[in-house]
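This briefing sets out selected features of the structure shown below. The points are grouped by topic for reading alongside the coordinates.

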Amino acid sequence: MSRKIVVGFDGSDASLRALDFAITRAQAQGDNLLIAHVLEWSPYSFLTPSEVEERHRRRNEELKRAESAILTPVVKRVEDAGIPVATSIRYGHIAETLCRIARDEQAAMIFIGRMGASGFASRIFGSVAATLAQVAPVPVVIVP
Amino acid sequence: MTAFPRPLIPAAAMALAAAPAAAQGIDETVNEVFANSTGWFVSLIFSNFPGTTFPWIVGWLVVAATIFTIYFAFIQFRAFGHAIALVRGDYSDPDDAGEVSHFQALTTALSGTVGLGNIAGVAVAVGIGGPGATFWMILAGLLGMATKFTECTLGVKYRNEYADGTVSGGPMYYMTKGFAARGLPGGKILAVIFAIFCILGSFGGGNMFQANQAHAQIINVMGDYPGWITGLIMAIIVFLVIVGGLKSIASVTEKVVPFMAALYVITALIIIGMNSDMIGTAFRQIFAGAFTNDGVVGGAIGALIQGFRRAAFSNEAGVGSAAIAHSAVRTKDPVTEGFVSLLEPFIDTVVICTMTALVIIITGQLVVDPATGLFVQNEAGTQIQTITGNSGVALTSDAFSSAFGWFRYILVLAVVLFAFSTMISWSYYGLKASTFLFGEGHTKELIFKIIFCLFVVIGAAANLGPIIDFSDAAIFAMSIPNIIALYLLMPIVKAETRSYLDRLKTGRIRKFA
């Protein structure tokens, strides 16, 4: 039976490595891929009146840009490898949103790249990889 | 209380202080010209009911708030819990993430209303009307929640959505579109009147009053220097943001203001806690002063007028400004934004304004005659004598710094930031009104923005008296066309509310979180 693998993808080198690794796994096991791009967003941030007015337009622009600049180029690459692929663009907290996608899509695994941030910054802000490892509903593969 | 050293005057002021006489001359001229040219407008708005000393406009707002409260069967209490759930995002569809959330719409609107009305305006109310003014202020805040609910629901329902995804809303739009929908005449005329008053309001309470009181607080701490210098500096920063598109300043302000507001409330609570033995006395003064003559200017009626006036000025319920701010939220049901908006007068007036009033009362800033137990009026008989002789924002500063000497410095920062964020919000409201009147276009918008900046300078240079009169008059004038429209359109809000609450009760509207 074909399983679904969610790949967290933001266009970075680390996320490309995760995608490449996911492609090899999917080829070996006959899985299909869901490439998920999450735009960091908090509904509890503060906006100025003109930002509020333009928000809906900006959101549409951001979605379009993410689609064309980040997802479209790699979708072809996965298709060329002969793997069924779908995409998802969402707003939200990155780790939480990836978990939600995995749950909603009944995915078998989540693949993400590791940004390699260590020390002070990641202690304060936390890292997506570490958070996912703690809270994900499915096994998580963290690709260095 | 220690005297603070004077050499803290900013460099700009030092350079310009070389000719202090000439500089003071500019302030005096500005003040005189301003008072003379706005006097007629102020007297028109604040004329009394025949044979009484009660300004008709205050009655206009309170009667409206009472009618909406009864018409919507105390919606401000019935929907309070649901409003909080909406702000928490319990009912937000995760697929709509990235759009303006209820929380963001609320905080954006709040940063326009939480301003110097909460700090300086309350001090004016308590300074003239005594502790009893607090009672009427809280009552006006609670009633005003129903007014705000009505106007914000309509603001979302009748907003304009453009092809590029931007939205414009506010009283101008519900007056034109809502009246057309109900087959009522005169919507366009009412909208034009509202837009004119809104532009004046954006120059007055949303601008000059803010600049004026920011300057007052700066000189209270730093030492005296001419107001037009503060005005010029603030005008330049406002200019950079609204004309130069310097978004970073605005977004920093938006982020810092909520923390300042929280810090303000917490400090007030600590001061109240430190004087816990005085809490009983303070509330006795508030209740007694609301109904009896305790020596304040105009007696109990004076307390009532001051309380209502400052509450309306602070939370802007019925003024129509919030309807502009709230109209951009993405929601399937306009009434949800109405629910969220009713939290605004609560936070603004019932919480923040009350804190200011309590701190002033509890720290004993108002002078009481020990023989009679009545408050002592100043020589001119215009307000209650305070320990330091200060009024407005300086009185609030005295009250807070009697407990924490350093708080006066925090308060300067809070006052300047509150003033600034309120100015940014009101420049937006005024701009919306001016584009409604004159159409969109780069040059037209630029002219409005430049005039707006000029009024910052005038506001900082003029005296508090004429500024506060004009600011009140302009903001209250907006409520005349707005409340007429609310009366005529309130059945639409009722239908929306009934339909929504029905779906909520039968589970057709469900929680996501």
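**The sheet of chain A**

Strand β4 (residues 109-113) of chain A is joined to β5(A) by 4 bridges, and the two strands run parallel. The model is a predicted one.

*Strand pairing*

- Strands of a sheet pair through backbone hydrogen bonds, either parallel or antiparallel.

*Sheet order and packing*

- The open sheet of chain A is formed by 5 strands in the order β3-β2-β1-β4-β5, with parallel pairing.
- Its edge strands are β3 (85-92) and β5 (140-143) of chain A, each of which pairs on one side only.
- From one strand to the next, the twist averages 25 degrees.
- Helix α3 (residues 94-104) of chain A packs on the sheet and touches β1 (4-8), β2 (32-40), β3 and β4 of chain A. The direction of α3(A) makes about 150 degrees with that of β2(A).

**Nonpolar cores**

- The largest nonpolar core has 173 residues, and B:W136, B:A140, B:V415 and B:V456 are those with the most contacts inside it.
- Helix α19(B) gives the largest share of this core, 17 residues.
- Leaving aside residues up to four places away in sequence, B:A140 touches B:V62, B:A65, B:G307, B:F308, B:A311 and B:A312.
- A second, separate core of 29 residues includes A:L19, A:A36, A:V38 and A:V140.

**Helix α6 of chain B**

- Helix α6 (residues 102-113) of chain B has 12 residues and reaches 17 Å from its first C-alpha to its last, close to the 16 Å expected at 1.5 Å a residue.
- All of α6(B) is buried, 12 of the 12 residues, so the helix is largely enclosed by the rest of the structure.
- Among the buried residues of α6(B) are B:H102, B:F103, B:Q104, B:L106 and B:L110.

**Contact between the chains**

- In chain B, 28 residues are in contact with 22 residues of chain A.
- On the side of chain B that touches chain A, the elements giving two or more residues are α6, α12 (247-274) and α19 (407-438) of chain B.
- The residues on this side of chain B divide into 12 nonpolar, 11 polar and 5 charged.

**An exposed glycine**

- B:G25 lies in helix α2 (residues 20-45) of chain B.
- Why is B:G25 classed as exposed? B:G25 has 12 other C-beta atoms within 10 Å, and a residue counts as exposed if 12 or fewer lie within that distance.
- B:G25 and B:P226 are 201 residues apart along the chain, and their C-alpha atoms are separated by 9.2 Å.

Methods:
Residues are numbered from 1 along each chain as its sequence is written. Chains are lettered from A and ligands numbered from 1 in the order in which they are written. This is a predicted model: local features need pLDDT of at least 70, side-chain atom pairs count only at pLDDT 80 or more; totals for chains, interfaces and linings use all residues. The expected span of a helix is 1.5 Å times one less than its number of residues. A residue is buried if 20 or more other C-beta atoms lie within 10 Å of its own, exposed if 12 or fewer, and partly exposed in between; C-beta atoms are placed from the backbone. Two residues are in contact if their C-beta atoms, placed from the backbone, lie within 7 Å. Ala, Val, Leu, Ile, Met, Phe, Trp, Tyr, Cys and Pro count as nonpolar, Asp, Glu, Lys and Arg as charged, and the others, Gly among them, as polar. Two strands pair if DSSP finds at least two bridges between them. Axes are lines fitted to C-alpha atoms, for helices over the stretch in contact, and angles run from 0 to 180 degrees between N-to-C directions. A nonpolar core is a set of buried Ala, Val, Leu, Ile, Met, Phe, Trp, Tyr and Cys residues joined through C-beta atoms within 7 Å.
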